[in-house]
Amino acid sequence: MYEERGRLTTGDENLKHLINEQVKNIEISGIRKFANMVADVEDMISFTIGQPDFHTPEHVKQAGIRAIEANFTAYTPNPGDIKLRKAASQYMQSKYGLTYNPETEVIVTVGASEAIDVALRTILEPGTEVILPGPVYTAYEPLIRLCHATPVFVDTRDTGFKLTPEKIEKAMTAQTRCIILPYPSNPTGVTLSKEELKAIADLLMDKDIYVLADEIYSELTYEEPHTSIASFIPDQTIVLNGLSKSHSMTGWRIGLLFAPEWLAQNIVKVHAFNVSCASSISQQAAVEALTVGINDAETMKKEYMKRRELVCRRLDEMGLEYVRPSGAFYFFVKLPATTILNSFDFAVDLAKKGKVAVVPGSAFSEYGEGYFRMSYVCSMETLKKGLNRIEYYIKNNERNLQK
Ligand SMILES: Cc1ncc(COP(=O)(O)O)c(C=O)c1O
């Protein structure tokens with residue numbers, strides 16, 4: 001069709017040099033590359049998924065339907081419908097003891113993803129640095145780079161994937177503008193205790209450094225209830241949350257951002273000119289989720305805990321090493337000690353021969369090399385079957401696995 005119009009054939013890259021350098025340099029995610037390579041494997045069990053296998057709770061769905069029927073289909077105020085901001089503020093108070101003014105300190109975003117973007121764009125300038133743990137969720141790095149800032153990954157493999165005050169202090173420079181604290185963690189499932197957060201807060205308290213606390217998995221903690229670092233240093237913390245994981249609402253795209261007024265009022269400018277507002281219909285469903293459904297995550301959590309025990313037991317039986325996860329729904333597993341493959345090749349080989357898909361650890365920064373991530377957002381039956389396949393693969397592929 002392009003050729004018919006006499007312009008732009010497939011090989012024509014005349015204006016390629018005018019693409020923003022930062023965008024050009026963003027690599028396709030390792031997860032996507034891996035998915036492309038194993039797309040044609042039949043009868044594969046996938047442990048790659050990062051979204052709950054439950055449906056959105058029925059009463060929340062009904063609230064969305066009612067919103068459409070009542071013609072709640074217009075723009076809302078930029079920071080979100082005040083009813084939802086009030087519900088979000090009450091949720092933070094009752095669950096985590098945090099106080100945010102719904103009028104000025106709460107922003108409803110298009111998923112936590114947009115919250116990460118607008119927060120970073122508000123606080124970062126070219127040349128500034130952002131400290132973040134490695135391995136880590138994939139979205140932060142490209143968004144930091146789009147701000148012409150530099151991600152400073154801290155190797156957390158020797159502290160059970162936890163950022164510590166000592167590690168942060170070592171990585172800090174005069175350019176450090178922000179520290180990302182994404183706990184409970186994707187991809188490791190690890191979370192920080194109240195004491196560990198307090199120690200980090202003590203270090204940062206007198207420093208001109210922001211904390212971006214990505215707490216999207218806060219409702220899925222298995223040992224202790226979640227603590228936010230904002231309970232120690234609220235004036236320098238931006239808290240991100242949302243309904244994607246707690247209410248299995250990934251497609252509804254509702255994120256929540258909480259920050260002190262002077263900061264939130266700047267972030268809301270970036271948000272307003274970016275998206276205007278989050279979906280009005282989803283916002284009505286979100287009000288239901290955060291009020292009537294405030295404890296909806298409990299049912300899912302019980303199920304995740306059972307699955308977590310099964311995975312722990314089976315990985316132990318296989319002699320595979322991992323840090324026992326205390327939140328989210330992932331295991332970050334060390335490759336079998338005997339393997340000669342890197343994490344990408346291992347995942348491809350396991351998919352092709354073992355018919356189980358896991359995410360190569362290298363997708364989560366260089367510090368994820370040597371590991372794979374498996375999620376447990378599937379039925380017990382699928383989980384058992386997939387784990388059996390992993391065991392069979394490890395036992396029967398000595399050729400690839402021997403040093
Ligand atoms: C740590 C973390 N933050 C943010 C997100 C994005 O969440 P949302 O779907 O609400 O944009 C994810 C999604 O997997 C995540 O794992």
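## A buried ring and its neighbours

Phe331 counts as buried because its relative accessibility is 0%; the term buried applies under 20% relative accessible area, exposed over 50% and partly exposed in between, with a 1.4 Å probe and protein chains only. The structure is a predicted model, in which local features need pLDDT of at least 70, side-chain atom pairs count only at pLDDT 80 or more, and totals for chains, interfaces and linings use all residues. Residues are numbered from 1 along each chain as its sequence is written, and side-chain values use heavy atoms, with hydrogens and water left out.

## Aromatic pairs

A pair of aromatic rings is described by the distance of the centres and the angle of the planes. Rings of Phe, Tyr and Trp (its six-membered ring) are paired if their centres lie within 6.5 Å; planes under 30 degrees apart count as stacked, over 60 as edge-to-face and the rest as tilted. Across the whole structure, a search finds 19 aromatic pairs. In one of them, Tyr217 and Tyr330 have ring centres 5.8 Å apart and planes at 80°, so the pair is edge-to-face. Tyr217 lies in the loop between strand 6 (210-214) and strand 7 (237-242), and Tyr330 lies in strand 9 (residues 330-334), so the pair ties together parts that are 113 residues apart in sequence. Helices (H or I, at least four residues) and strands (E, at least two) are DSSP runs, numbered from the N terminus. Both Tyr217 and Tyr330 are buried.

The rings of Tyr322 and Phe331 also form an edge-to-face pair, because their centres are 5.5 Å apart and their planes stand at 65°. A cluster linked by ring pairs takes in Phe54, Tyr217, Tyr304, Tyr322, Phe329, Tyr330, Phe331 and Tyr376.

## Helix 11 and helix 13

The axes of helix 11 (residues 297-318) and helix 13 (residues 380-396) come within 11 Å and cross at roughly 15°. Axes are lines fitted to C-alpha atoms, for helices over the stretch in contact, and angles run from 0 to 180 degrees between N-to-C directions. Helix 11 and helix 13 are therefore roughly parallel to each other, a term for angles under 35 degrees, whereas those over 145 count as roughly antiparallel, 65 to 115 as roughly perpendicular and the rest as oblique.

On the side of helix 11, Glu303, Lys306, Arg307, Leu310, Val311, Arg314, Leu315 and Met318 take part; they meet Met380, Leu383, Lys384, Leu387, Asn388, Ile390 and Glu391 of helix 13. Contact means heavy atoms within 4.5 Å. By class, the contact of helix 11 with helix 13 has eight nonpolar, one polar and six charged residues. Ala, Val, Leu, Ile, Met, Phe, Trp, Tyr, Cys and Pro count as nonpolar, Asp, Glu, Lys and Arg as charged, and the others, Gly among them, as polar.

## Helix 2 and helix 12

Helix 2 (residues 30-37) and helix 12 (residues 343-354) have axes that come within 10 Å and cross at roughly 35°. The crossing of helix 2 with helix 12 is right-handed. Gly30, Lys33, Phe34 and Met37 of helix 2 make the contact with Phe344, Ala347, Val348, Ala351 and Lys352 of helix 12. Six nonpolar, one polar and two charged residues make up the contact of helix 2 with helix 12.

## Two buried residues

Gln283 is part of helix 10 (residues 280-290) and counts as buried, because its relative accessibility is 0%. Apart from neighbours within four places in sequence, Gln283 is in contact with Thr76, Gly80, Asp81, Leu84, Val108, Ile254, Cys277 and Ala278.

Pro184 belongs to the loop between strand 5 (176-181) and helix 8 (194-204) and is buried, with a relative accessible area of 2%. The C-alpha atoms of Pro184 and Pro325 are separated by 8.9 Å, while the two residues are 141 residues apart along the chain. Leaving aside neighbours within four places in sequence, the contacts of Pro184 include Tyr217, Ser218, His226 and Gly327.

## Backbone features

Most residues other than glycine have a negative phi, and most peptide bonds are trans. The peptide bond from Tyr183 to Pro184 is cis, with omega near -5°. Another cis peptide bond joins Gly134 and Pro135, with omega about 0°; Pro135 is in the loop between strand 3 (129-134) and helix 6 (140-146).

His148, which is not a glycine, has a positive phi of about 60°. His148 is placed in the loop between helix 6 and strand 4 (150-155) and counts as partly exposed at 43% relative accessibility. Phe161 likewise has a positive phi, near 65°. Phe161 lies in the loop between strand 4 and helix 7 (165-171) and counts as buried at 4% relative accessibility.

Definitions and conventions:
Left-handed = near helix turned anticlockwise from the far one by under 90°.
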